[in-house]
Amino acid sequence: MQIIILGAAAGGGLPQWNCGCDNCNAARAGRIPSLTQSSIAVSADGRDWAVLNASPDIRVQLAATPALHPTGPRDMPLRAVLVTNGDIDHVAGLLTLRESQPFDLYATAAIHDALAANPMLAAVNPDFVPRRTVALDQTVELTPGLTATLFAVPGKVPLYQEGAVVETGLMGETTVGVELRAGDRRALYIPGCADLPDWLRDRIAGADALFFDGTLWQDDEMIRMGLGCKTGRRMGHMAATDTMPALAGTTIGRRVFVHMNNSNPLTDPDSPETAQAVAAGWQVGRDGMEISL
C-alpha cells in the first residue's frame, strides 16, 4: 500500500488567509512549511489511486503529486474519491473535479444527502461521477487491490448543519473512519474524531499505520490564543495531548497526526511540542509525505 499525504492541515490551511498568529506569519515568511487542507491519496499498485477527502486545495495538491498527473490528454490515475464527512475542508474540492472526468464518489448515505442538498455540486456530473453509497462496516474495492471499510467514530454534523444544540459525540454516518486494506497491510484514516473509546482503540490495534486527527495540540488552545471561542471537543476534535496517552499502550506500526489547525504547534517542525510527539512515537504529517507499507 502506498499512501501520500496531499494535505496535512485542517480547514483554512497554513497560513490561514485571515490569521496573523505566529504559525501563520512564520509560514508566510517561509520559516516553517505551508500546509494545504486535509487529504490523502492511496494505491495498492502505484497506478490506480483513490483520494480520501477532496479538499479546497485539491488542484494544487494534484499538481504537486506526480503519481496523480495525467497519463494522456484525458487519462488520469485517479479512480475514486471517498469523503469521510461533509465538512467544507473535505468536500469543497469536488467542485474542482467537475471537468467530466470519470471517477467513483464514495460516501455514506448521510454524507451523500448533505452533498446533494448543495445545488452547486450538481456540476460534478453524475453521468461521469457515479455516487456510490457505502453502508457502515461494508467493504468496497476503491481501486484494484485496495479495499475500504467505513465505520462510525465520535464526531458531529458539519458546521453548516449545526442547530441550536450540537452533539459532539454523535455516532452514525456523518463522521466516519476508514479502514484500508491491500494484501496483508492495514491502515486507518481518521481525520476527525472527538473521543477514543475502548472499541476504537481495539479496532486500531495492530494496524500497520494510523493517520489520526491532530487538529489541536491542547483542547483550549484557540481560546487561549484569541483565535476562536470553541474548544477542540466542541468542534468534534480530540486534542493531541489526550490522543497520545490514550494510544500509548496500543500496538501500531506507524502513527501519524493529520488535519492540524493553524494554531497547532505541531505545524512547526522545530517546536518543543513536535519533539514531544516524536518522542511518544508519533510522526507529524506534512504535505507530500509518502509512506509505503
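Predicted model: local features only at pLDDT ≥ 70, side-chain atom pairs only at ≥ 80, totals over all residues.
**A walk through the sheet and its surroundings**

Residues are numbered from 1 along each chain as its sequence is written, and side-chain values use heavy atoms, with hydrogens and water left out.

So where does A41 sit? You'll find A41 in strand 2 (residues 39-43); strands (E, at least two residues) and helices (H or I, at least four) are DSSP runs numbered from the N terminus. A41 counts as buried because its relative accessibility is 0%; buried means under 20% relative accessible area, exposed over 50%, and partly exposed in between, with a 1.4 Å probe and protein chains only. Look across to D137, 96 residues apart from A41 along the chain, and the two C-alpha atoms are separated by 21 Å.

Now follow strand 2 to its partner. Strand 2 and strand 3 run antiparallel and are joined by three bridges; two strands pair if DSSP finds at least two bridges between them. V42 has A50 as its bridge partner in strand 3. The hairpin of these two strands has five residues between them, and there G46 takes a positive phi near 80°.

In a regular strand the side chains alternate between the two faces of the sheet. Strand 3 (residues 49-52) is covered on both faces: W49 and V51 on one side are buried, and so are A50 and L52 on the other. Strand 3 also pairs with strand 4, this time in the parallel sense over four bridges, and A50 stands opposite A80 in strand 4.

Keep moving the same way. Strand 4 (residues 78-82) runs parallel to strand 5 (residues 104-107), with three bridges joining them, and L82 has Y106 as its bridge partner. Helix 4 (residues 109-116) packs on the sheet, touching strand 5 and strand 6, and its direction makes about 120° with that of strand 5; axes are lines fitted to C-alpha atoms, for helices over the stretch in contact, and angles run from 0 to 180 degrees between N-to-C directions.

Time to step back. Seven strands form an open sheet with mixed pairing, in the order 6-5-4-3-2-1-14. Strand 6 (131-133) and strand 14 (290-292) are at the edges with a single partner strand each, so one side of each has no neighbour in the sheet. From one strand to the next, the twist averages 25°.

There's another hairpin to spot, made by strand 7 and strand 8 with two residues between them; G145 in its turn has a positive phi of about 85°. Four bridges join strand 7 (residues 139-143) to strand 8 (residues 146-152), and the two run antiparallel. V140 has A148 as its bridge partner.

Finally, head for helix 7 (residues 240-246), where T243 lies. T243 is buried, with a relative accessible area of 0%. Not counting residues up to four places away in sequence, T243 touches L196, F212, M238, F257 and W282. In the loop between helix 6 (221-224) and helix 7 you'll find G236, which is buried at a relative accessible area of 5%. The C-alpha atoms of G236 and L170 are separated by 9.0 Å, though these residues are 66 residues apart along the chain.

Conventions
Contact = heavy atoms within 4.5 Å.
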